[in-house]
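Dear colleague,

Please find below the structure that I am handing over to you.

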Amino acid sequence: MGFEFLRHIMRTRVLVHCIDPLDYEHEDLEKSFTEINDELRQFSTVLADKPQIVVFTKMDLVKDRAPIDAFIAAHPSTTVCCVSVHDVDSLKRLAKMISEFVCREKERADSHPLDTEEKVYGVKEQDRGRIPSFQIVALEPNRYEILGDRVVLTKRLINLSTDEGMDRLLQYLDRIGINSRLEEMGVEEGAIILLDGFEFEYLP
């Protein structure tokens, strides 16, 4: 999906996963759904754990609902909505569902403020404006790890359970020169970068 896109959707409260059922049979549908969610989890467990609504589109063109029914049966805890642009009521149901999810997540976030002992640190606060030393080592083809005590410490001090925290971490890595160093090393687009257990995809 790309690092920039995944980074962007970290700001959302709810994920809406749209599926065109005309493109899939049941097995392909399961494989695609699993692969996408695995990619979300590899990028961030915070992202993967966000509430998700699966939306089957173009229902007016579906002749065989068996793959959809099989998917619903296989994922009883997943919220599913079937819609068509020609069915206004279905679109209204989806809009209401999304609104309810967003409101619920907002209420949950408001009722669980950051712990007073937790703090989101920025690069200036943690490193006093200095660029920390770090190394980038190749673990295997297209997989690299960032090493450096100060970088790892800063990552651990950031509250990654919040969208703001995730954004601060990514800004921090860019600010201290991680992206520039990767570019100098000739790291290819799509390579996996590892920092203290956190993985993300490199996009130059």
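Which residues does Tyr24 touch, not counting residues up to four places away in sequence? Please note before reading on that this is a predicted model. With those sequence neighbours left out, Tyr24 touches Ile19, Leu29 and Ser32. Tyr24 is placed in the loop between β1 and α2, the latter being residues 26-43. Its relative accessibility is 29%, so Tyr24 counts as partly exposed. Along the chain, Tyr24 and Pro67 are 43 residues apart, while 8.2 Å separates their C-alpha atoms.

Val14 lies in the loop between α1 (3-9) and β1 (15-19). Is Val14 buried or exposed? With a relative accessible area of 11%, Val14 is buried, because the cut-off for that class is under 20%. Not counting residues up to four places away in sequence, Val14 touches Pro51, Ile53, Phe101, Val102 and Glu105.

I turn next to a pair of helices. The axes of α7 (residues 149-157) and α8 (residues 163-175) come within 10 Å of each other and cross at roughly 165°. Angles over 145 degrees count as roughly antiparallel, and α7 is therefore roughly antiparallel to α8. The crossing of these two helices, α7 and α8, is right-handed. On the α7 side, Arg150, Val151, Thr154 and Lys155 take part in the contact, and they meet Leu169, Tyr172 and Leu173 of α8. Sorted by class, the contact of α7 with α8 comprises four nonpolar residues, one polar residue and two charged residues.

Finally, a word on the cysteines. How many disulfides does the structure hold? The number is zero. Cys81 is in no disulfide, and the nearest cysteine sulfur to its own, that of Cys82, is 6.7 Å away. Likewise, Cys82 is in no disulfide, its nearest cysteine sulfur being that of Cys81 at 6.7 Å. A disulfide requires the two sulfur atoms to be within 2.5 Å.

With kind regards

Methods
Residues numbered from 1 in each chain as written. Predicted model: local features only at pLDDT ≥ 70, side-chain atom pairs only at ≥ 80, totals over all residues. Heavy atoms only, no water. Axes fitted to C-alpha atoms, helices over the stretch in contact; angles between N-to-C directions. Helix = DSSP H or I, 4+ residues; strand = E, 2+ residues; numbered from the N terminus. Parallel < 35°, antiparallel > 145°, perpendicular 65-115°, else oblique. Left-handed = near helix turned anticlockwise from the far one by under 90°. Contact = heavy atoms within 4.5 Å. Nonpolar A, V, L, I, M, F, W, Y, C, P; charged D, E, K, R; others polar. Buried < 20%, exposed > 50% of the residue type's maximum accessible area, 1.4 Å probe, protein only.
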